[in-house]
Amino acid sequence: MDKIQINGGRPLQGSIKVSGAKNAALPLLAATILAPGTYTLHNVPDLRDTRTMLMLLQTLGASWERSGSSVQINTADLTGAEAPYDLVKTMRASVLVLGPLLTRAGCARVSLPGGCAIGARPINFHLRGFEQLGAVTRLESGYVEARVQDELTGNTVYFDIPSVTGTENVLMASVKATGVTTIRNAAKEPEVSNLVDMLTAMGAKIEGRNTDCLTVTGVTSLQATEATIIPDRIEAGTYAIAVGATGGELEITQCDPSHLPVLIEKLRAAGMEIATGKKSIIASCPVNSRGERCSLQAVNITTMPYPGFPTDLQAQFMALMIQCNGTSIIHETIFENRFMHVAELQRLGAKINIDGATAIVNGIARNNLFAAPMMATDLRASASLVVAGLAASGTTEITRIYHLERGYENMVEKLSQVGAKIKQVAG
Ligand code: EPU
């Protein structure tokens with residue numbers, strides 16, 4: 001199994017181009033099920049997860065072809081409505097085919113994703129939403145089976161907690177439902193808005209984009225379309241945080257700074273200089289009169305649904321806080337088990353205590369952070385180990401990096417090009 005080796009302690013300098021967002025690409029790919037035809041999606045990142053979703057579409061009878069970052073998908077003749085366990089177990093977002101299959105085929109059978117490294121992650125909100133639109137769902141032999149009884153009919157669907165993929169799934173189940181569907185307490189993540197834009201281009205009637213109340217008036221037909229995946233805000237944020245951990249100056253291009261309001265605010269509060277353009281961020285660490293990097297200050301964060309601090313950046317932010325002046329309180333409110341990176345960061349010398357959903361991080365001097373072997377446990381935890389490894393003195397080795405390949409396109413190459421001593425080696 002491959003590993004990542006990092007020789008830490010080198011500032012990042014140069015320019016990194018952000019790829020398309022994994023969490024926007026997945027629902028947009030699933031949306032190609034909705035209407036038969038040929039779709040062209042641009043800026044699709046080539047990741048393990050997007051390849052899994054394309055494989056799933058192929059299992060359902062679609063064909064596809066990639067040309068650079070564009071993917072053409074033909075869903076004219078779908079032959080199946082089942083997402084098998086082997087695919088779902090590698091990527092829970094496979095459940096995103098449930099909504100569009102209900103619309104297109106009137107039925108769907110999708111393996112129930114189990115718990116994962118960051119929490120139990122049930123899909124009860126998705127299923128309740130489908131039922132409120134007139135589908136019947138049941139669980140059999142580890143599979144969720146959903147079937148439209150008579151027809152999908154508009155209704156009010158209320159989410160107890162805003163769910164990103166739940167909102168996307170219910171949206172895709174409602175676009176052709178008879179009458180009006182209102183989704184209340186909907187997720188407002190930019191990835192949801194990216195899907196709303198694609199559905200609108202297909203002919204759907206949706207009001208309330210970017211708000212927590214989406215109103216869908218069912219239409220009788222939809223057409224295949226062309227759509228562009230938004231830039232990955234989590235990838236952009238990870239690189240901005242990495243500069244804080246290593247020093248230097250990085251221009252992060254082809255991103256959307258307006259999607260990272262709280263992170264930018266927090267990095268500035270920590271002492272970083274962040275300049276934003278329409279599609280770029282320049283992140284740098286201040287230096288003193290002798291040209292030495294100044295230490296950053298600890299700041300507190302609480303993860304929240306968008307536009308709050310994203311849970312998908314919590315682990316990386318913690319990897320920065322371990323070497324800041326003072327104490328940082330990190331409160332995780334979205335997932336119950338998203339501190340798997342803590343034990344690994346402690347191996348570098350980080351001083352972190354966990355109290356329930358709160359991590360108390362006591363910053364240590366940068367030169368007291370020493371490289372150690374670490375093991376990746378989930379996607380964002382892996383990114384946090386890379387950030388920490390870039391900062392620590394000595395050679396860090398990270399194993400189980402297949403997690404990283406699920407969500408960061410060419411991370412090793414991108415970081416190498418801006419001065420990091422990082423390479424992937426056979427394990
Ligand atoms: N929840 C339920 N029942 C449900 C759905 C959600 O209790 O039916 C709970 C979850 O357990 C969680 C909260 O509601 O406590 C919010 O979860 P959400 O449904 O929003 O998460 P998700 O849609 O499964 C997406 C991203 C995650 C990201 C979260 C939160 C995709 C494909 N995944 O997951 O991304 O962390 O939203 O922003 O969009 C990642 O990229 O590393 C990742 C985990």
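Which residues does the domain assignment give to domain 1, and which to domain 2? I looked this up before anything else. The assignment places 3-19 and 231-425 in domain 1, and 22-228 in domain 2. I note here that the model is predicted.

**Entry 1: the two domains**

I took the centres of the domains over their C-alpha atoms and found 31 Å between domain 1 and domain 2. I then turned to the contacts, where 24 residues of domain 1 meet 19 residues of domain 2. The size of an interface is often expressed as the accessible area that is lost when the parts come together. For domain 1 and domain 2 I recorded a buried area of about 1,800 Å². Carbon and sulfur atoms give 51% of that area. On the side of domain 1, the residues that lose the most area to domain 2 are Tyr306, Arg406 and Glu409. Together these three make up 31% of what that side buries.

**Entry 2: polar and charged pairs between the domains**

I looked up the salt bridges between domain 1 and domain 2 and noted a count of three. I also followed the pair Glu191 and Arg233, which form a salt bridge with their closest N and O atoms 2.8 Å apart. For polar contacts across the interface of domain 1 and domain 2, I recorded six residue pairs. Helix H12 (379-391) and helix H13 (402-405) are the elements that give two or more residues to the side of domain 1 touching domain 2. By class, I listed that side of domain 1 as nine nonpolar, five polar and 10 charged residues.

**Entry 3: salt bridges in the whole structure**

Side chains of opposite charge can pair when their charged atoms come close. My search of the whole structure returned 16 salt bridges. One of them joins Arg109 to Glu145, with 2.9 Å between the closest N and O atoms. This pair links distant parts of the chain, since Arg109 is in strand E7 (residues 107-111) and Glu145 is in strand E9 (residues 143-148), 36 residues apart.

**Entry 4**

How many bridges join strand E3 to strand E5? I found four, between E3 (residues 38-42) and E5 (residues 70-74), and the two strands run antiparallel. Within E3 and E5 I noted Thr40 opposite Gln72. Strand E4 (residues 63-67) also pairs with E5 in the antiparallel sense, over five bridges. Ser67 stands opposite Ser70 in E5. The hairpin of E4 and E5 has two residues between its strands, and in this hairpin Gly68 takes a positive phi near 65°.

**Entry 5: backbone details in two loops**

Where does Pro307 lie? I placed Pro307 in the loop between strand E18 (301-302) and helix H10 (314-321). The peptide bond that joins Tyr306 and Pro307 is cis, with omega about 10°. I had already listed Tyr306 among the residues of domain 1 that lose the most area to domain 2.

I next examined Asn210, in the loop between strand E12 (205-207) and strand E13 (213-217). The phi of Asn210 is near 75°, a positive value in a residue other than glycine.

Conventions: Residues are numbered from 1 along each chain as its sequence is written. This is a predicted model: local features need pLDDT of at least 70, side-chain atom pairs count only at pLDDT 80 or more; totals for chains, interfaces and linings use all residues. Side-chain values use heavy atoms; hydrogens and water are left out. Domain bounds come from an automatic or database domain assignment. Contact means heavy atoms within 4.5 Å. Buried area is the accessible area (1.4 Å probe) that two parts lose on being put together, summed over both. A salt bridge is a side-chain nitrogen of Lys or Arg within 4 Å of a carboxyl oxygen of Asp or Glu. A polar contact is a pair of N or O atoms within 3.5 Å; within protein, one must be able to donate a hydrogen and the other to accept it, and residues adjacent in sequence count only if both atoms are side-chain atoms. Ala, Val, Leu, Ile, Met, Phe, Trp, Tyr, Cys and Pro count as nonpolar, Asp, Glu, Lys and Arg as charged, and the others, Gly among them, as polar. Two strands pair if DSSP finds at least two bridges between them.
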